[in-house]
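These are my notebook entries on one protein structure.

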Amino acid sequence: MLEKKWIQQIQAGDQASFRQFYDAYAGAAIRTASAITRNREMAKDAVQETFIRVFRQIGSYNPELPFDPWFYRILTNECLRLMKKEVAKLELADIEDNPSLSEESFDQLSDLYDVIQSLDDIHRIPLILKYVKGFSEKEIAEILGLNQNTVKSRLFKGRKKLHEQLQPNEEEGEFQ
């Protein structure tokens with residue numbers, strides 16, 4: 001219930017409470033944004049913009065509703081906005097000569113994480129929100145602005161794609 005106290009104090013204009021809130025949420029927000037954007041620098045920008053938006057819009061937050069879906073909806077939207085902006089830049093440049101995507105390294109992450117990252121955004125982002133952040137299907141639907149059945153379908157298809165991508169490795173005996 002510390003979260004509700006922070007929100008009330010932030011809504012009252014208490015900057016120290018906003019700092020405590022930032023310290024508590026920033027790490028998880030960076031990890032989630034990195035997973036969504038596949039780019040650490042873009043993730044940092046998304047998180048920074050998210051906290052600015054939260055600070056500016058905290059007055060419109062309804063404290064009767066859970067806070068995390070509201071926060072992560074802003075974060076996810078910011079990630080998607082920056083990714084769209086980056087795609088527009090890449091379309092103008094020669095993609096093969098642009099090292100910005102290939103230089104980003106996730107060497108410390110597991111093979112499964114790499115496989116998840118290889119999925120398309122419509123399946124990857126719901127999987128991250130479900131299995132990395134632990135959101136329910138209803139919360140994911142709220143965060144992404146989708147119908148709950150659409151989220152269920154995307155999770156199902158995402159899990160199926162993961163299975164298909166992992167299956168050849170299992171047949172080759174890599175997991176034995």
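**Entry 1: helices α7 and α8.** I began with the crossing of α7 and α8, which is right-handed. I noted the convention: a crossing is right-handed if the near helix is turned clockwise from the far one by less than a right angle, and left-handed if anticlockwise. The two helices pack at an angle of about 130°, and their axes are 10 Å apart. Axes are lines fitted to C-alpha atoms, for helices over the stretch in contact, and angles run from 0 to 180 degrees between N-to-C directions. α7 and α8 are therefore oblique to each other. On this scale, angles under 35 degrees are roughly parallel, over 145 roughly antiparallel, 65 to 115 roughly perpendicular, and the rest oblique.

I then listed the residues that meet: Ile-125, Pro-126, Leu-129 and Lys-130 from α7, and Glu-137, Ile-140, Ile-143 and Leu-144 from α8. Contact here means heavy atoms within 4.5 Å. By class, the α7 and α8 contact holds six nonpolar, no polar and two charged residues. Ala, Val, Leu, Ile, Met, Phe, Trp, Tyr, Cys and Pro count as nonpolar, Asp, Glu, Lys and Arg as charged, and the others, Gly among them, as polar.

**Entry 2: the basis of the model.** I recorded that this is a predicted model, in which local features need pLDDT of at least 70 and side-chain atom pairs count only at pLDDT 80 or more, while totals for chains, interfaces and linings use all residues. Residues are numbered from 1 along each chain as its sequence is written, and side-chain values use heavy atoms, with hydrogens and water left out.

**Entry 3: the whole protein.** How many helices and strands are there in the protein? I found nine helices and zero strands. Helices (H or I, at least four residues) and strands (E, at least two) are DSSP runs, numbered from the N terminus. Buried residues make up 36% of the 176 residues. Buried means under 20% relative accessible area, exposed over 50%, and partly exposed in between (1.4 Å probe, protein chains only). Of the contacts with a separation of 6 or more, 64% come from residues 24 or more positions apart.

**Entry 4: α1 with α2.** I looked up helix α1 (residues 2-11) and helix α2 (residues 15-37), whose axes come within 8 Å and cross at roughly 140°. α1 and α2 are therefore oblique to each other, and the crossing is left-handed. Glu-3, Trp-6, Gln-9 and Ile-10 of α1 make the contact with Ser-17, Phe-18, Gln-20, Phe-21, Ala-24 and Tyr-25 of α2. I counted these residues by class as six nonpolar, three polar and one charged.

**Entry 5: α2 with α3.** The axes of α2 and α3 also come within 8 Å and cross at roughly 140°, but this crossing is right-handed. Among the contact residues are Phe-18, Phe-21 and Tyr-22 of α2 and Val-47, Phe-51 and Val-54 of α3. The contact divides into 14 nonpolar, two polar and two charged residues. In the loop between α2 and α3 I found Arg-38. Its phi is near 65°, a positive value in a residue other than glycine.

**Entry 6: the core.** Which residues have the most contacts inside the largest nonpolar core? They are Phe-21, Phe-51, Val-54, Phe-67 and Phe-71, in a core of 47 residues. α2 gives the most to this core, with 10 residues. A nonpolar core is a set of buried Ala, Val, Leu, Ile, Met, Phe, Trp, Tyr and Cys residues joined through side-chain atoms within 4.5 Å. Leaving out residues up to four places away in sequence, Phe-51 touches Phe-18, Phe-21, Tyr-22, Tyr-25, Ala-26, Ala-29 and Phe-71.

**Entry 7: two single residues.** Is Thr-50 buried or exposed? Thr-50, in helix α3, counts as buried because its relative accessibility is 0%. Beyond residues up to four places away in sequence, Thr-50 touches Phe-71, Ile-74, Leu-75 and Glu-78. Gln-165 lies in helix α9 and is partly exposed, with a relative accessible area of 35%. The C-alpha atoms of Gln-165 and Leu-119 are separated by 9.5 Å, although the two residues are 46 residues apart along the chain.
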